[in-house]
Amino acid sequence: MIKFTLSKAQAAYRDYQHQLALEEMRPISLLCDSQEEIPETFFWNMQRRLSAEALAPLHAQLAPEPRQSNLLSMLANEEMAWGDAALSTALPGPGLAAPPLLSQGTPEQQKRFFARYQDGQLHWGALALTEPGIGSDVAGMETTAVLDGDEWVLNGRKQYITNGARADLVIVFATIDKQLGRDGIRPFVVPKETPGMLVGRIEKKMGLRASQTAELLFEQCRIPRDHLLAGRETSKKAGFKAAMGTLDATRPMVGSLALGIARAAYELTCEWVKDELPLGYPAHKRRELLSELEELRQELEMARLLVWRAAWMADQRLPNSKEASMCKAYAGNLVMKVTASAVRITAPGQESERRRFLQKWFRDAKVFDIFEGTAQIQRLVIARRLFPEVDIP
Ligand SMILES: Cc1cc2nc3c(=O)[nH]c(=O)nc-3n(C[C@H](O)[C@H](O)[C@H](O)COP(=O)(O)OP(=O)(O)OC[C@H]3O[C@@H](n4cnc5c(N)ncnc54)[C@H](O)[C@@H]3O)c2cc1C
């Protein structure tokens, strides 16, 4: 059966997240952006309002519908990014550490590592794949993991790590044998307190300025042997698959965040047209403007369908690499288009809070074309799936 509408319970869940975005994020959004900082009260408020207790009534309503966790996180992400995408990347919880732990960790590892997120304190997680010399192609990974007795010893440098400096657990991808290329890559869990894991530079960015992007250094960093996820010491391809499997889960998340910003910019532009369109705006330009807005509206709805499809497939445990890349590529491109149109359309307006939000979202949009795989890389992934018989290097 194909359903294109949300159930009453799913809509209530989305509305709850929207309220959070409206009350907790929008009021501090511009200040956090200009100061590149987030007040601690925000983290505590969000932790309280997203706690199992606070969500219990909604979860009770959702319970009869099986397998919807990916779809629910897409609904939440769209609303959170509508509120503020930078703040939504900084929410307390395992964050980007969760997908590899869930897909690659044994039940025992999941229990052990997720336990620290359940003590009521503020904790974060991070995923460290990118290095100064590698981003899109992980084959040349330089960070090494060498087994020494009952410990792994990590050495190397990771960059652009979201929440890297505040994460309690970092999933670090490292190679156990450089000669093996991609096949040598493995995921390791490194807790914050581990000697030898050091925080380096915190990036100054054009967009998502309140989101923390850190460099992490590993210098003779020793972790217990059982911190290798799933214990895949010998299985070839396991590590690369883990890295790629993580991306299949996180790309739709990025797509839904991009969609949230794009929708916010679209809505504010529509409000500007209703309230602030200058008197005497020529009729032919008004017609053009409304047709541009209509086209953007269509594209927003297309992006949402692509995001929901990728999430639905993940919920049904169907392989979704192609669909995850499609929704990420489409929404990542659309958010740049919508925010650029919004800034241009409202340009005759006075400097106002509305305009400041649109300018911020225009800056925030660019990174959605870059992280979790650039647009060019998404095209490669999609092309390889569509044309398996053609050798695409
Ligand atoms: C704000 C922010 C947060 C981030 N958070 C994280 C994080 O939490 N964890 C993490 O591990 N990483 C993170 N990243 C890193 C991000 O995932 C990488 O920047 C991204 O994968 C691109 O890698 P790169 O920067 O090395 O660019 P490169 O891979 O060097 O790409 C440069 C250019 O070459 C193109 N290109 C590369 N290879 C090909 C090819 N085969 N065919 C065609 N074109 C190609 C790319 O599309 C791009 O245009 C973050 C980045 C940013 C900006």
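To get going: how far is an oxygen atom of the ligand from an N or O atom in the side chain of S136?

Author: That distance is 2.5 Å, between a ligand oxygen and an N or O atom in the S136 side chain. Keep in mind that this is a predicted model. An oxygen atom of the ligand sits 2.8 Å from a polar backbone atom of L129, and a nitrogen atom of the ligand is 2.8 Å from a polar side-chain atom of T162. As for how wrapped up the ligand is, on its own it has 980 Å² of accessible area, and the protein covers 67% of that.

Now zoom out to the whole shell. There are 21 residues around the ligand, and the closest are T130, S136, Y160, T374 and Q376.

Next, the domains. The assignment for the protein chain lists domain 1 (8-92), domain 2 (99-235) and domain 3 (240-386). The ligand lies between domain 2 and domain 3, because both give residues to its shell.

Domain 3 also meets domain 1: 25 residues of domain 3 are in contact with 20 residues of domain 1. Between them these two domains bury about 2,100 Å², with 58% of it on carbon and sulfur atoms. On the domain 1 side, L30, R67 and E78 supply 31% of the area buried against domain 3, more than any other three residues. Taken over C-alpha atoms, the centres of domain 1 and domain 3 are 19 Å apart.

Key
Residues are numbered from 1 along each chain as its sequence is written. This is a predicted model: local features need pLDDT of at least 70, side-chain atom pairs count only at pLDDT 80 or more; totals for chains, interfaces and linings use all residues. Side-chain values use heavy atoms; hydrogens and water are left out. A residue is near a molecule or strand if one of its heavy atoms lies within 4 Å of it. A polar contact is a pair of N or O atoms within 3.5 Å; within protein, one must be able to donate a hydrogen and the other to accept it, and residues adjacent in sequence count only if both atoms are side-chain atoms. Accessible areas come from the Shrake-Rupley method with a 1.4 Å probe; for residues, only the protein chains shown count as cover. Domain bounds come from an automatic or database domain assignment. Contact means heavy atoms within 4.5 Å. Buried area is the accessible area (1.4 Å probe) that two parts lose on being put together, summed over both.
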